Protein chains: 2
Amino acid sequence: MSQIEFWYEFASTYSYPAAMRIETLAAQRGVDLVWRPFLLGPIFAEAGWRDSPFNLYPVKGRYMWRDMERICASLGLPLIRPQPFPQNTLAATRIAISLEGDGRAAFSQRVYRAEFGEGRAIWDLATLSALIADCGLDAAETLAAAQSDANKAKLRAQGERARALGLPGAPCLVTDDGEVFWGNDRLEQGLDWVIARS
Amino acid sequence: MSQIEFWYEFASTYSYPAAMRIETLAAQRGVDLVWRPFLLGPIFAEAGWRDSPFNLYPVKGRYMWRDMERICASLGLPLIRPQPFPQNTLAATRIAISLEGDGRAAFSQRVYRAEFGEGRAIWDLATLSALIADCGLDAAETLAAAQSDANKAKLRAQGERARALGLPGAPCLVTDDGEVFWGNDRLEQGLDWVIARS
């Protein structure tokens, strides 16, 4: 079966609608999906950005928020601007990468909904514990695994791979033949690329 | 009849496939198209960028060129990287804005084809004269009109409007109700927005 990697960052606004759309789009095409959480901070820092480009460049930021309103409205998704924006996503990303398969996907979607649909503080361990429990997982056990040295190393390795792949932002689809498709508006093309070559 | 404005900058890579696609997409939906050439330089300068963001941020640049290869291949458009990139587009933009209606559209498409499909120097007045002639227009007369004070003022006013609209880049579609859709991959959504409200 064909597969594709879905790379996402919890602070990334456009990753929210993408995370909510991608499973259906992949299933429709019979493509297996691998969820790849990563941190954009180190990649952006190399570009000299110590904050979200949407904060650093207000013209882009204003456009993005209006665009997100339209996109979420068209998908029937609630949208609340996180305060502050961006949220610190280290803890959530460690949890996501510590989980596997369906658990990782379910937790990741739960985080996006909490952050952008409910306005909750997804940097906060109490919030994250509640979100883990929402997914039917044991919060204490999951948090402990997320904070293990092995899991921290796993996240760092994921970041190295993101850098090696040249991911310019999030979300991205990455194909087995090394193609990158960046943006919520490119999910269909990325999946169709895989189908055309399978 | 519904209408939409197509804002483009000759140095903008993604404006090339957009300029080649937009007329068919608009005609299919029965939407009138107004071509709006403008200069991104002053807008980027306000963000602190003195060069193309694709040069300033190599990760974004590498992604963009590969993405352009895929897009142009899928549309059957030739792609040659302009040398240097970006080209100085002041003269071409003055010519485009001095023309009206179909002449502006034809000249603009001719410039994009020369720049990104044929690797020609679109900052050069000799090249531009040839491109004007390709459109069945008088080169000397057109160049004189383009360099008039009135036309220079017209381009500056267009730039002020681009800033007031908050255009974050190019290409953009702008609707009568003030919505902005940024990117070659958003042309369909922008046109469909107009249709849904007509």
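The model is predicted, and a search of the whole structure finds 34 aromatic pairs over all chains. The second largest pocket holds about 660 Å³ of space.

**The second largest pocket**
- The lining of the second largest pocket is made up of 27 residues, and those nearest its centre are A:Asp185, A:Gln189, B:Asp185, B:Glu188 and B:Gln189.
- Helix H4 (58-75) and helix H10 (187-196), in chain A and again in chain B, are the elements that each give two or more residues to this lining, with the largest share, five residues, coming from H4(B).
- By residue type, the lining divides into 13 charged, eight nonpolar and six polar residues.

**Aromatic rings**
- Because the planes of the B:Phe6 and B:Trp35 rings stand at 85 degrees, with centres 5.1 Å apart, this pair is edge-to-face.
- That pair links strand S1, which holds B:Phe6, to strand S2, which holds B:Trp35, 29 residues apart, and both residues are buried.
- B:Phe10 and B:Tyr112 form a tilted pair, 5.1 Å centre to centre and with 50 degrees between the planes; B:Phe10 lies in the loop between S1 and helix H1, whereas B:Tyr112 lies in helix H6, 102 residues apart.
- In chain A, ring pairs join a cluster whose members include A:Phe6, A:Trp35 and A:Tyr112.

**A charge over rings**
- B:Arg70 lies over the face of A:Phe181, 3.8 Å from the ring centre, and its charged end also sits over the ring of A:Trp193, 6.0 Å from the centre.

**A buried serine**
- B:Ser52, in the loop between helix H2 and helix H3 of chain B, counts as buried because its relative accessibility is 8%, under the cut-off of 20%.
- Leaving aside neighbours within four places in sequence, B:Ser52 is in contact with B:Phe85 and B:Pro86.

Key. Residues are numbered from 1 along each chain as its sequence is written. Chains are lettered from A and ligands numbered from 1 in the order in which they are written. This is a predicted model: local features need pLDDT of at least 70, side-chain atom pairs count only at pLDDT 80 or more; totals for chains, interfaces and linings use all residues. Side-chain values use heavy atoms; hydrogens and water are left out. On a 1 Å grid over the protein atoms alone, a cavity is a set of points where a 1.4 Å probe fits but cannot get out, and a pocket is an open set with protein on both sides within 12 Å along at least five of seven lines; lining residues have an atom within 4 Å of a point. Grid points are joined across faces, edges and corners, and a volume is the space filled by probe spheres set on the points. Helices (H or I, at least four residues) and strands (E, at least two) are DSSP runs, numbered from the N terminus. Ala, Val, Leu, Ile, Met, Phe, Trp, Tyr, Cys and Pro count as nonpolar, Asp, Glu, Lys and Arg as charged, and the others, Gly among them, as polar. Buried means under 20% relative accessible area, exposed over 50%, partly exposed in between (1.4 Å probe, protein chains only). Contact means heavy atoms within 4.5 Å. Rings of Phe, Tyr and Trp (its six-membered ring) pair if their centres lie within 6.5 Å; planes under 30 degrees apart count as stacked, over 60 as edge-to-face and the rest as tilted. A charge sits over a ring if NZ of Lys or CZ of Arg is within 6 Å of the ring centre and within 35 degrees of the ring normal.
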